Amino acid sequence: MQDYNYLNGNCLEITMELSCCKFPLASELKKEWDNNRESLIAYLEQVHIGVRGYVKEATNGTALPDVRIMVAGINHNLTTAQFGDYYRLLLPGTYNVSVIATGYMSMTVVGVQVVEGKATELNFTLAPLGNEPTGGITVPFTPTTTTAGPITTSDPDSTSIETSSTTSEMGTSGANESSTPQEHQPIQPQDFRHHHYNDMELFLRRYSNGFRSIAHLYSIGKSAEDRELYVMVISDNPTVHEPGEPEFKYIANMHGNEVVGRELLLNLIEYLCRNYGSDPEVTQLVNTTRIHIMPSMNPDGYEIAREGDVRGYTGRNNSNNFDLNRNFPDQFTTITEPRQPETIAVMNWLKSNPFVLSANLHGGSLVVNYPYDDDKQGRTEYSKCPDDKVFKQVARAYSQENALMHKGHPCEDLYRSEFFEDGITNGANWYNVPGGMQDWNYLNTNCFEVTIELGCVKYPKAQQLPLYWDQNRRALLQYIQQVHRGVKGMVIDIKDGTGIPNATITVEEIDHQITTNLAGDYWRLLVPGTYHLTASAQGYNSVKIYATVPEEGVELVDFRLTRVRSDPNGQAPMDPRATQDPAEEVFQSFIKDLSLGQGLEQLVQSTVTESSFRYRRYKELSEFLRGLTFNFPKITSLHSLGQSVEYRTIWALEISNKPDEPETAEPKIRLVGGIHGNAPVGTELLLEFAAFLCINYGKNPIITRLINETRIVILPSINPDGRELAREKQCTSTVGMTNTHGKDLDTDFFGNASQRLVEAQPETRAVMDLILERGFTLSVALDGGSLLATYPYDKPVQPVENEETLKYLANVYARNHPKMHLGDTGCPSNDQMGNIPDGVLRAAERQSHMGSMKDFSVDFGHCPEITVYTGCCLFPPAVQLATLWAENRKALLSMLVEVHKGVRGVVKDKSGKPIVGAMIVLNGGVRVFTAEGGYFHALLAPGNHNIEAVADGYQQQRQEVVVSSYEAASSIIIEFDMDNRIFGLPREFVVATAAASMTALVVTACIIWCVCSAKSNQQKDGFHRLRQHRDDYEDEIRLTSMGSKKSLLSNEFQDESESDEDTLYANADKL
């Protein structure tokens, strides 16, 4: 093997005999490691000796693979790798190094110094043959030599030089000779023919591989017949968006039989690649613009179209026979045709890139057509959009460079009456096109798009293609230049200088807003003039600026926004970030990085794991979960919530850095699958998600941080009995939907006994008990049968409390799904057609019912829950699971990020004692409660929100907070004072009133006592006799009438202790 490596590869290999014993005892392995550790490391370090570098093409900087690297005196050559890089191991000394490549001038560098312990970097730039005299170039080794297009190195210890074969030969008198500069002539395309799909694919791959430094080929999806929808991006940094650099796109061949645009865009790719670095105009465009070129949006239709077609329809539509330019959602007309895969792919592509300007290339006429394409009445009349002036400007920019188009009489032989002034027209004023792509661009993205009709013949003969290039070359370039008109700039936070995404740029008197990109950069196309611009963002004070757009070029306008802050009286929204500790600021930055730009996408790409997707029945599912706890015991904990009717366990897997310890300060997310046994995709996605998190813990720093900061509870299957009955490839079957008792578990969650007619199912009770533990911040349930996300309520409730937040959470999931956010939720089985905005719907609008899990979670668990429907087929074939995982992985990760947003804090009293059970009222409606330590956390939609804190014995507290869509919830502290109000009145007033009342009562009592005492004395000296019998009463009347004072005085007060008999005897004696 070592000889084969040396002779057939670039690799130098040796063979090491490490031990006398071939298979020593395991107890000896530690000794063998100690014997060999330092040697292994020392051998690894030898890869960094000798010479290393890159070989590139002189005119465009393209890396050159398979270039021979030769060292004089050593009869062994090696070649450069895919990216033009090479590594040549050499001992310390002085060498002459040569490079030889077919079609390029050879070059030799003499006197290359190789020192001990570090590599000398030696880069080569080779010129194509014909550009310089033949015979090669020899240059001396000089470490300080530099030429255009230097290759940098990150190794500070390496010696770096640059050599170029495009300069005049050293050691000659050529440097002293004068020459007359010749006018530069750009290289024109030579490849004029009709390219069928395979031919086009090879062409694109050829230029992508040949010009790697500026060209990158990617696919945005597939056609109905599974052909790739290719896009070539050309820029000086083609693989990433650079803040401040506008994104431009050309799309052609939307109608398969309109082929001129397809060939022109292939010509344009060749022209840009071959002239970059030598033609000033091309170089400037490529360096300042990210140009996306899609030669064919309808490759299926093209394959059946026929050369020579003038005005026919064969191949116009896609293979499903739908016109793609009538297939986009329309502002005036409901498009009932099913959304086609090509349309979905383009919509997804447009929403994923911050395009500024675009053109859609067609054939059949010769005119530039601009929005709107239709109107409310469907009549052929001018349908003016708010940016009518801008569209006229960019349309004329193209037509003026095409002399025949600009005349306005495009196809006199075919359409004698047609006339377009300046070669441009409003779309609806020509004819109505409902469902067109250009209007959708303008209304749903930041992109301005026009439709360009390139010629009267739809599929001309190949020999006519050079003429079309000559007519349109200048126009194609000039139209790209229009992306650099108007105003551009950044919207940034004045405090930390970071960009603010989704900020709104408004131009006074133009009813069309654009938004900032994820990095805070924006572009607003405008005609020359002075404008009043306003930048607004949630949680920030708006800023207004006057700007003047020049006749040529772009005006740079940056906005610096300040956060809305509260005054001491709490009159304005509170920004708690001012008091953050350093650790919290670091975490804020962590969440912001994941929320903006390509943070989540890069996380997905950096954590690709090999998976074997299949459906798991209950037994295998249980073994899988136990396997996770065995392999990752420090971050997992498996619990039984209860059992199903048939005694299968309802499992809950917790993933956290401290899974068995309560951490109330951390947000807690619940992920639930399998509520319907016939829709097991959610179960498999959650099992894969659990494995994905565990495997990447400790390896990927982002996953590690998310797990350390979050408590993740996964319930993969809450209806295991139903799952055992369901069968694969049954997209619409209801077998297994219910539990063994025939109960749909999503209709069995009732919190009030008055609503429940029968006892809860055991599966339902197990999950309800978990929900009622509270402490959850967010819940996501995965189901099947459609492609959308729903939010509470399933029951018919109007209005929905906290609907803005619930809808926002569903939007976050849908937005991070490649298809769901497009709103094409139609499934053949349930007759649901598309046009559901953003793929999000209130659950009751889909299928209203009582007793749903998410309604129970909101009402009794005080936790928002959304339901995600992962696809139209309830039980798709297992081969589709990998695709479904790829579609949902980013969205699931976004939920782990989203659970850290909203508002969180601690409630305590003046002494610092946490208050448990305090009620936090959000916007006067939704309630959450503080947990141990006084902690609370609530998710809220971005914007300003009112928070009220209530606890028995304390004064009610109110705050207004600002919630951001891309920042973690900052911790706020709510301090309670003792409640000094009694019956709603100040304590001092109540005490004073009570004291006055008590004094009045005492005085009144004294007065009453005195009066009673006075009356008592009068009675002792007066004429009162306790009457016992009627006879006594009559005697008294008789005696009184006789005036006998003595008899009256002889009647004293009766002692009630005496008997009646004693009283009679006493009276008799006195008489």
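## Disulfides

The structure, which is a predicted model, holds 2 disulfides. A disulfide is a covalent bond between the sulfur atoms of two cysteines. One of the links is formed by C411 and C456, whose sulfur atoms lie 1.9 Å apart, and with -95 degrees about the S-S bond this link is left-handed. The pair connects distant parts of the chain, since C411 sits in the loop between α9 (403-407) and β16 (424-426) while C456 sits in the loop between β17 (448-455) and α12 (465-481), 45 residues apart. C411 is buried, with a relative accessible area of 4%, and C456, at 17% relative accessibility, also counts as buried because the cut-off for that class is under 20%.

Another disulfide joins C731 to C873, with a distance of 2.0 Å from S to S. The torsion about the S-S bond of C731 and C873 is about -85 degrees, so this disulfide is left-handed. Because C731 lies in the loop between α18 and α19 (762-772), and C873 in the loop between β33 (865-871) and α23 (881-898), the pair ties together parts that are 142 residues apart in sequence. The accessibility of these two cysteines falls into two classes: C731 counts as partly exposed at 32% relative accessibility, whereas C873 counts as buried at 16%.

## Other cysteines

C20 is exposed, with a relative accessible area of 86%, while C11 is partly exposed, with a relative accessible area of 36%.

## An open sheet of eight strands

In an open sheet, 8 strands follow the order β26-β27-β29-β28-β30-β33-β31-β32, and their pairing is mixed. The edge strands are β26 (636-643) and β32 (840-842), each of which pairs on one side only, and the twist from one strand to the next averages 20 degrees. Within this order, β28 (residues 668-673) and β29 (residues 711-715) run parallel and are joined by 5 bridges, with K668 having R711 as its bridge partner in β29.

Is strand β31 (residues 786-791) largely enclosed or exposed? Of its 6 residues, 6 are buried, so β31 is largely enclosed by the rest of the structure. In a regular strand the side chains alternate between the two faces of the sheet. Both faces of β31 are covered, with S786, L788 and T790 buried on one side and L787, A789 and Y791 buried on the other. The pairing of β31 with β33 is antiparallel and extends over 5 bridges, and here L787 stands opposite T870 in β33. With β32, by contrast, β31 pairs in the parallel sense over 3 bridges, and Y791 stands opposite R842 in β32.

## Enclosed cavities

Rolling a probe the size of a water molecule over the atoms shows where empty space is left. In this structure the count comes to 4 cavities of 30 Å³ or more, and the largest cavity has a volume of about 90 Å³. The largest cavity is lined by R616, R617, Y618, L621, T649, W651, T683, E684, S717, P720, R723 and E724. The elements that give two or more residues to this lining are α15 (618-631), β27 (649-655), α16 (681-696) and α18 (720-725).

Which element gives the most to the lining of the largest cavity? With 3 residues, α18 gives the most. By class, the lining of the largest cavity has 4 nonpolar, 3 polar and 5 charged residues.

## A contact across the sequence

Q464 lies in the loop between β17 and α12, and Q464 is partly exposed, with a relative accessible area of 37%. Although Q464 and V260 are 204 residues apart in sequence, they are 9.8 Å apart in space, C-alpha to C-alpha.

Note on methods
Residues are numbered from 1 along each chain as its sequence is written. This is a predicted model: local features need pLDDT of at least 70, side-chain atom pairs count only at pLDDT 80 or more; totals for chains, interfaces and linings use all residues. Side-chain values use heavy atoms; hydrogens and water are left out. On a 1 Å grid over the protein atoms alone, a cavity is a set of points where a 1.4 Å probe fits but cannot get out, and a pocket is an open set with protein on both sides within 12 Å along at least five of seven lines; lining residues have an atom within 4 Å of a point. Grid points are joined across faces, edges and corners, and a volume is the space filled by probe spheres set on the points. Helices (H or I, at least four residues) and strands (E, at least two) are DSSP runs, numbered from the N terminus. Ala, Val, Leu, Ile, Met, Phe, Trp, Tyr, Cys and Pro count as nonpolar, Asp, Glu, Lys and Arg as charged, and the others, Gly among them, as polar. A disulfide is a pair of cysteine sulfur atoms within 2.5 Å. Buried means under 20% relative accessible area, exposed over 50%, partly exposed in between (1.4 Å probe, protein chains only). Two strands pair if DSSP finds at least two bridges between them. Axes are lines fitted to C-alpha atoms, for helices over the stretch in contact, and angles run from 0 to 180 degrees between N-to-C directions.
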